[in-house]
Amino acid sequence: MRYECLSFASTATGWEARVRVPAGSEFFRGHFPDAPILPGVALLAIAHELIATRVPQLPLLAGLRGIRFRNPVRPESVVLFELTRSVPHELTLKASCEAARAAEGTLLFADELPA
Amino acid sequence: MSAIVEMLPHGDEARFVRTVVTHDAESITCTALVPATSPYAPRGNASPMLAVEIAAQAAGVHGALVADTDRTRSGLLVGIRELELASAELPVDCELRVSARLIAASPPLAIWEFELSAAKRPLAHGELSVWVATA
């Protein structure tokens, strides 16, 4: 199992999800052998998967802007993802772990990607 | 030249950069490969977010190549200023090419711009920042 989605709900401005990342998650394999932490891009991939698989007619992911990784996510952590629709085709991401901010930034979407 | 495995702290499953094509004092081009078994590819092709990890690993390899020590230095991806995607997914089991260029450095932080392609087809480009252990 890569991660377990404990809850997913719509909010007034977007979506909120709680995800557990088990110690045996494939995302931890090799990252790093002696001190496993969740790769930052795994956190982003999970956030995108959560909405892409649950929100119909979501536009294509076109990019990212201003992503900051603040604190590491360790095995067995429960991560709270807050995705807020700020302007059309943009979602503000806040990912927190036990009240500590793990990552934040903006996911960008588009109806088409540049050729 | 040391093997890639000796230049990055990643284990086999998390290491995507395969070979160094060319490098100089401020840039590097590498080949990379995402196996179909990667957790980033649960439904076939891989998450495009992985472009950033591949670029960060290329930056890490560059750091090892220009460093005056044989010891593997730890580094962390601390930010993504910008990522622009030309593809919604990354192909798996396919040779990718990543080029990264150092655009600013204030140790222990460094900012790199990068491009990722497959068979000369652009997949993504952007800018990332990494923190590199100096000791």
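Pro108(B) is found in the loop between β4 (96-106) and β5 of chain B, where helices (H or I, at least four residues) and strands (E, at least two) are DSSP runs numbered from the N terminus. A cis peptide bond, with omega about 10 degrees, joins Pro107(B) to Pro108(B). The model is a predicted one, in which local features need pLDDT of at least 70 and side-chain atom pairs count only at pLDDT 80 or more, while totals for chains, interfaces and linings use all residues. Residues are numbered from 1 along each chain as its sequence is written, chains are lettered from A in the order in which they are written, and side-chain values use heavy atoms, with hydrogens and water left out.

## Backbone features

Most residues other than glycine have a negative phi, and most peptide bonds are trans. A cis peptide bond is also found from His31(A) to Phe32(A), with omega near 0 degrees; Phe32(A) belongs to the loop between β2 and α1 of chain A. Gln57(A), in the loop between α1 and β3 of chain A, has a positive phi near 60 degrees without being a glycine. Gln57(A) is exposed, at 80% relative accessible area; here buried means under 20%, exposed over 50%, and partly exposed in between (1.4 Å probe, protein chains only). His89(A) has a positive phi of about 70 degrees and is not a glycine either. His89(A) sits in the loop between β4 and β5 of chain A and is partly exposed, with 33% relative accessibility.

## The sheet

Strands of a sheet pair through backbone hydrogen bonds, either parallel or antiparallel. In this model, twelve strands form an open sheet with antiparallel pairing, in the order β1(A)-β2(A)-β4(A)-β5(A)-β6(A)-β3(A)-β3(B)-β6(B)-β5(B)-β4(B)-β2(B)-β1(B); two strands count as paired if DSSP finds at least two bridges between them. The edges are β1 (4-10) of chain A and β1 (17-23) of chain B, each with a single partner strand, so one side of each has no neighbour in the sheet. Neighbouring strands of this sheet are turned by 25 degrees against each other on average, direction ignored.

The two chains meet in the sheet where β3(A) and β3(B) run antiparallel, joined by five bridges. Within this pairing, Ile67(A) has Ile80(B) as its bridge partner.

Helix α1 (residues 40-52) of chain A lies across strands of both chains, including β4 (77-85) of chain A and β3 (75-85) of chain B, and runs at about 60 degrees to β4(A). Axes are lines fitted to C-alpha atoms, for helices over the stretch in contact, and angles run from 0 to 180 degrees between N-to-C directions.

## Buried residues of chain B

Phe16(B) lies in the loop between α1 (4-7) and β1 of chain B and is buried, with a relative accessible area of 2%. Not counting residues up to four places away in sequence, Phe16(B) touches several residues, among them Leu33(B), Tyr40(B), Leu50(B) and Ile54(B); contact means heavy atoms within 4.5 Å. Thr29(B), in strand β2 (residues 27-32) of chain B, is buried as well, at 13% relative accessibility.

## Salt bridges

A salt bridge is a side-chain nitrogen of Lys or Arg within 4 Å of a carboxyl oxygen of Asp or Glu. By this rule there are ten salt bridges over all chains.

| Pair | Closest N to O distance |
|---|---|
| Glu4(A) and Arg20(A) | 3.0 Å |
| Arg65(A) and Glu90(A) | 2.9 Å |

Arg65(A) is in strand β3 of chain A and Glu90(A) in strand β5 of chain A, so their pair ties together parts 25 residues apart in sequence. Arg65(A) is partly exposed, at 38% relative accessible area, whereas Glu90(A) is buried, at 19%. In chain B, Arg101(B) is partly exposed, with a relative accessible area of 41%, and Glu113(B) is partly exposed, with 28%. A network of salt bridges links Arg2(A), Glu49(A) and Arg43(B).
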